[in-house]
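Let's take a walk through this structure, one piece at a time. Have the sequence and the 3D view open as you read.

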Amino acid sequence: MKVLVIGGGAREHALCRSLSQDPAVTELHCAPGNAGIAQVATVHPVDQLDGAQVAALAGRLGAALVVVGPEAPLVAGVADAVRAAGIPVFGPSAAAAELEGSKAFAKDVMAAAGVPTARSYVCTTAAEAAEALDAFGAPYVVKDDGLAAGKGVVVTSDRAAALAHAAGCERVVIEEYLDGPEVSLFAITDGTTVVPLQPAQDFKRALDGDEGPNTGGMGAYSPLPWAPAGLVEEVLETVLQPTVDELRRRGTEFSGLLYAGLALTSRGTRVIEFNARFGDPETQVVLARLRTPLAGVLLASATGSLDQLEPLRWDEGAAVTVVVASEGYPDAPRTGDPIEGLAEAEADGTAFVLHAGTKADEDGRVLSAGGRVLSVTATGTDLAEARERAYAAVDRISLKGGQHRTDIALKAATA
């Protein structure tokens, strides 16, 4: 089949890499793509928020499946436009993507479905925000209600900082703080059947030891050797399936990737947030471990036939990804610098480099073009080996002012 992937980050590079290895995929296209994706797919310029443009491109290419990667096109209704053109698409409708597009909507769905989550208030004024902060006490959790590219959440013990973040948002959700480690669990669904993937953990803070500002994610690993037995089955039963069922009951069928961000608290598993697409950088490690060919799984979601899918097959080993970010990220990332050592990083076959913020210049050199530049990913028999291989590959890459965390998966690998 011919497949078109929409997006241009490391998540989309991970999707394209897996799809390019699927023997069922005869042609692979990506729009707009990036310098790394161009090595495994034909890239096309497109406004990824314009559903008509995306649908027209898919039609011209004769795509049998369109995979929408980022959240903004989903919330903008790109999947709806492709579906209306009669082309199977992996990704929820704009109405269903509100599960990510509005945290208040997600809270409403969870309440109706009986899904365990943090107590919360939706606030639109400074007075309401102050009252909510005082009701819960520190540490304060303040979330921009809308899309914020993974950087709309502030967790702080500084009440003034919490109020300032709330003041900068049109509408906020203020929650009780959830203790315990966090887990990312993806599930593929066709609106009825729900197929969970393997759990992962990502690292949101910019600096080692979970210090520094929130980012879009500085690394991830899978599996989670410390996670309780039966976690995936529990989350499927108490979170994922009830959410999908509630959306279907409302006439807002969710088809695509449902991402549950979870906290394993002292009072049980709680949902921190939902996303309506593959997470970045967790996708990089989850897909690195998936052995079932990807295209058939995504097509089954798009065509409502997940109940006929064979159980997914997984590599028994581990995967670690380390994000290489540009100087100044996340506040004022520097761009336009050449990236050296990419071939060397992949030379021994134990690691691969997924491009996020990159572009090629007229001479074919790869330049930095965003805050998060690369996701350097490696697999191994266990986390320690995968981690060692990932960092060895990072060390072969040169980017002026480039930064990365040195402690991705360290605790889990040495526990």
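How many bridges join strand β1 to strand β2? Keep in mind that this is a predicted model. There are six bridges between β1, which covers residues 2-7, and β2, residues 27-32, and the two strands run parallel. To spot the pairing in the view, look for I6, which stands opposite A31 in β2.

These two strands belong to an open sheet of five, ordered β3-β2-β1-β4-β5 with parallel pairing. At its edges are β3 (42-43) and β5 (89-90), each with a single partner strand, so one side of each has no neighbour in the sheet. As for what holds such arrangements together, strands of a sheet pair through backbone hydrogen bonds, either parallel or antiparallel.

Now look at what lies on the sheet. Helix α2, residues 51-61, lies across β1, β2 and β4 (65-68), and runs at about 155° to β1. Helix α11, residues 294-302, lies across β4 and β5, at about 90° to β4.

Next comes the packing. The largest nonpolar core has 74 residues, and L4, V66, L240, F274 and V320 are those with the most contacts inside it. Helix α9 (residues 231-249) gives this core its largest share, seven residues. A second, separate core has 41 residues, among them A14, C30, F278 and W314. In general terms, nonpolar side chains tend to be buried together in soluble globular proteins. For a closer look, pick V66: beyond its neighbours within four places in sequence, V66 is in contact with L4, I6, A58, V82, I87, P88, V89 and F90.

Let's move on to helix α8, residues 159-167. Which of its residues are buried? They are A162, H165 and A166. These three cover an arc of only 100° around the axis, which puts them on the same side of α8. The general rule is that an α-helix has 3.6 residues a turn, so residues three or four places apart point the same way. The cover over the buried residues of α8 includes α7 (126-136), β7 (140-144), β8 (153-156) and β9 (172-175). On the face turned away from that buried side, you'll find the exposed residues A160 and A167. At the start of α8, a side-chain oxygen of D158 comes to within 3.0 Å of the backbone nitrogen of A160.

Our last stop is G371, in the loop between β22 (366-368) and β23 (372-380). G371 counts as buried because its relative accessibility is 14%. Setting aside neighbours within four places in sequence, G371 is in contact with A325, S326, Y329 and P333. Its C-alpha atom is separated by 7.9 Å from that of E327, which is 44 residues away along the chain.

Technical notes
Residues are numbered from 1 along each chain as its sequence is written. This is a predicted model: local features need pLDDT of at least 70, side-chain atom pairs count only at pLDDT 80 or more; totals for chains, interfaces and linings use all residues. Side-chain values use heavy atoms; hydrogens and water are left out. Two strands pair if DSSP finds at least two bridges between them. Helices (H or I, at least four residues) and strands (E, at least two) are DSSP runs, numbered from the N terminus. Contact means heavy atoms within 4.5 Å. Axes are lines fitted to C-alpha atoms, for helices over the stretch in contact, and angles run from 0 to 180 degrees between N-to-C directions. Buried means under 20% relative accessible area, exposed over 50%, partly exposed in between (1.4 Å probe, protein chains only). The arc is that of the directions from the helix axis to the C-beta atoms. A polar contact is a pair of N or O atoms within 3.5 Å; within protein, one must be able to donate a hydrogen and the other to accept it, and residues adjacent in sequence count only if both atoms are side-chain atoms. A nonpolar core is a set of buried Ala, Val, Leu, Ile, Met, Phe, Trp, Tyr and Cys residues joined through side-chain atoms within 4.5 Å.
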